[in-house]
Amino acid sequence: MLQRKKQRTSRKITDKSDLFDGVPDDLVVSILCKLSSSVSRPTDFVNILLTCKRLNRLGLHPLVLSKAGPKALAVKAQNWSDSAHRFLKHCVSAGNIEACYTLGMIRFYCLQNRGSGASLMAKAAMKSHAPALYSLAVIQFNGSGGSKNNKDLRAGVALCARAAFLGHVDALRELGHCLQDGYGVRQNITEGRRLLIQANARELASSLNTIVKRQLKQQHQRRLNYQHYAYMTGSGCPLLSDFGCNVPVPEGHPVNVFLKEWFELGVGELGQGLRLCSHRGCGRPETRAHEFRRCSVCGTVNYCSRGCQALDWKLRHKVECGPMERWQEEGGNGNGGDGGAGGMEEVGEAEDLAIG
Amino acid sequence: MSSSNNSGKVLKLKSKDNQIFEVEESVAIQSELIKNVVEAGCDIGVIPLLTVHSKTLRNVIEWCQKHVDYVEENDSGSNEEEIKNWESEICEEGNNNGSDDEETKNWESEENNNGSDEEEAKNWESEGNNDGSNKEEVENWEWEENNDGSDEEELENWESKFVDVDKDSLYALLLAADYLSIDSLLERVIKQVADVIKQCRSVEEVRQTFGIKSDFTPEEEEEIREEISWID
């Protein structure tokens, strides 16, 4: 920790003296750490850097940067520049895990720098950053950045398992499907189903958490009226909608928004014939042709992972697609799609079973 | 509502402007500084707090008092203990792991015609479980409590009102909490200052709120603005 320094400036005390004047450096750093970790957008944090030299210096202190939360690092794709890159690198060297993950994703998918991107994500993954573990799993499952032969299903499952252990909902779903299908791991249908249920439960719990906090703050309402809330929020989380329990879709990581905007707004170029994952909240692009799997009924949508496929299915694809959907890999390596008696799509059936 | 569990010893604290405050020891030792003084045995007479003004000290004492009262009222520690004891009682009676309680043993063996103690414990436990497991019961109970506007929430609200003061008072509180080493107060004030910064919509507003004078040259400022141009 910094040594305590009493900043006694030689400035004359004007009628409005600087609040931070008499505050020692270590306290200011504590305040700025709290600030960087709790801001909801980068502007709120950066404002302090422009105020005066001292606050600028202390605001860029590694301790403060290392505590910056994901929202403080939420660069907008259209504003991407060298300075943004520098800032993220700064945070990475300060030891900020979120920055490692964010920059890793950006470098891997947007800047096409596979090696550096993956190693940054690995850095975050080693510190048990669940989204990083999950993203690396997706890369392994798809063999992203390499050829079809670079797929490593078992590595993918191992990474997914670690992320799932940390409670990452997408990873739980992905692992659940892998277990049900015997994909990269020995088939264990019960265990897979259990994980899918757990994923639903976690999602519900975290949504309820936010709902309850909001409501307690506003109205001290005791009973949660699900229907009322559904009315307020419109379309809700699909997987729980079968209960009439519409909870809002969980907030994604800011970097997914970055990826989506990067390609959709044309900031970066999507290679010839490559597609984005059709799940709106994902944003991942293919790194080679036919990397992602498509819905075999309509063939119009593609997904980077089962997790995305499952979510998108219930979110919107269910209504636009036919009742019989099969999860099938292009090139005919059918896997995980069989087993559904009566031609029902395995994923859908599994979900129903999970809920029922 | 302070209890007289402790010695009820009263300490005298002297503020910067020579005002004496009489405070109960249990309240005062929320401050690490005062705690160290007491433990070192130097708390005879008056403890001088040379950098804290009486106005601030009054507020600080109020904070400490509130927290002592809260802990006593809720005594969340002892709730957990009660639950643990209760749960372990259940397990003990079931497993009979060399329990010292002879009576319990006798009672069990009388009842126990059909099988092992463990079986009985299971039956007993599963009876309990029919009403929703013990843990669940406890959770429900706690949740009901919370429904009345939990005490924790009340404390949070009280704390928020407490730090909702003008800049000068906040500043004084910050320095006092730091000097006296009162973690809870320091944390809350830090959070409050961070919140105030967050509420400012622009750099100018931050400067105005905190009375900061910019000491950048126009070139330096331009440089910094460029570095952060990636913000909207």
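This is a predicted model: local features need pLDDT of at least 70, side-chain atom pairs count only at pLDDT 80 or more; totals for chains, interfaces and linings use all residues.
**View 1. The interface between chain A and chain B.** Chain A contributes 44 residues to the contact and chain B contributes 39 residues. Together the two chains bury about 3,900 Å², and 64% of this area lies on carbon and sulfur atoms. Leu19(A), Leu50(A) and Lys53(A) supply 18% of the area that chain A buries against chain B, more than any other three residues. The rule for salt bridges finds two across this interface, and six residue pairs are in polar contact across the interface, both partners being at pLDDT 80 or more.

**View 2. The side of chain A that touches chain B.** Helices H1 (25-38), H2 (42-46), H3 (53-59) and H5 (82-93) of chain A each supply at least two residues of this side. H1(A) provides the largest share, which is six residues. Sorted by class, the side of chain A that touches chain B has 20 nonpolar, 13 polar and 11 charged residues.

View 3. Lys53(A) forms a salt bridge with Glu220(B), and the closest N and O atoms of the pair are 3.5 Å apart. The pair runs from Glu220(B) in helix H12 (residues 218-227) of chain B to Lys53(A) in helix H3 of chain A. Glu220(B) counts as partly exposed because its relative accessibility is 28%, and Lys53(A), at 38% relative accessibility, likewise counts as partly exposed.

View 4. Asn56(A) lies in helix H3 of chain A, and it counts as buried because its relative accessibility is 13%, under the cut-off of 20%. When neighbours within four places in sequence are left aside, Asn56(A) is in contact with Ile48(A) and Leu49(A), and also with Phe216(B) and Ile224(B).

**View 5. Tyr303(A) and a side-chain polar contact.** Tyr303(A) is placed in strand E2 (residues 302-303) of chain A, and with a relative accessibility of 0% Tyr303(A) counts as buried. The side chain of Tyr303(A) makes a polar contact with the side chain of Asp312(A) at 2.5 Å. The C-alpha atoms of Tyr303(A) and Glu286(A) are separated by 9.4 Å, while the two residues are 17 residues apart along the chain.

**View 6. Salt bridges within single helices.** Arg316(A) forms a salt bridge with Glu320(A), the closest N and O atoms being 3.7 Å apart. Both residues lie in helix H14 (residues 306-320) of chain A, where a spacing of four residues is about one turn of the helix. Arg316(A) is partly exposed, with a relative accessible area of 23%. In chain B, Lys191(B) forms a salt bridge with Asp195(B), with 3.5 Å between the closest N and O atoms. Lys191(B) and Asp195(B) are separated by about one helical turn because they are four residues apart in helix H10 (residues 183-199) of chain B. Lys191(B) is partly exposed, its relative accessible area being 33%.

View 7. Glu204(B), Arg207(B), Glu221(B) and Arg225(B) are linked in a network of salt bridges.

Methods:
Residues are numbered from 1 along each chain as its sequence is written. Chains are lettered from A and ligands numbered from 1 in the order in which they are written. Side-chain values use heavy atoms; hydrogens and water are left out. Contact means heavy atoms within 4.5 Å. Buried area is the accessible area (1.4 Å probe) that two parts lose on being put together, summed over both. A salt bridge is a side-chain nitrogen of Lys or Arg within 4 Å of a carboxyl oxygen of Asp or Glu. A polar contact is a pair of N or O atoms within 3.5 Å; within protein, one must be able to donate a hydrogen and the other to accept it, and residues adjacent in sequence count only if both atoms are side-chain atoms. Ala, Val, Leu, Ile, Met, Phe, Trp, Tyr, Cys and Pro count as nonpolar, Asp, Glu, Lys and Arg as charged, and the others, Gly among them, as polar. Buried means under 20% relative accessible area, exposed over 50%, partly exposed in between (1.4 Å probe, protein chains only).
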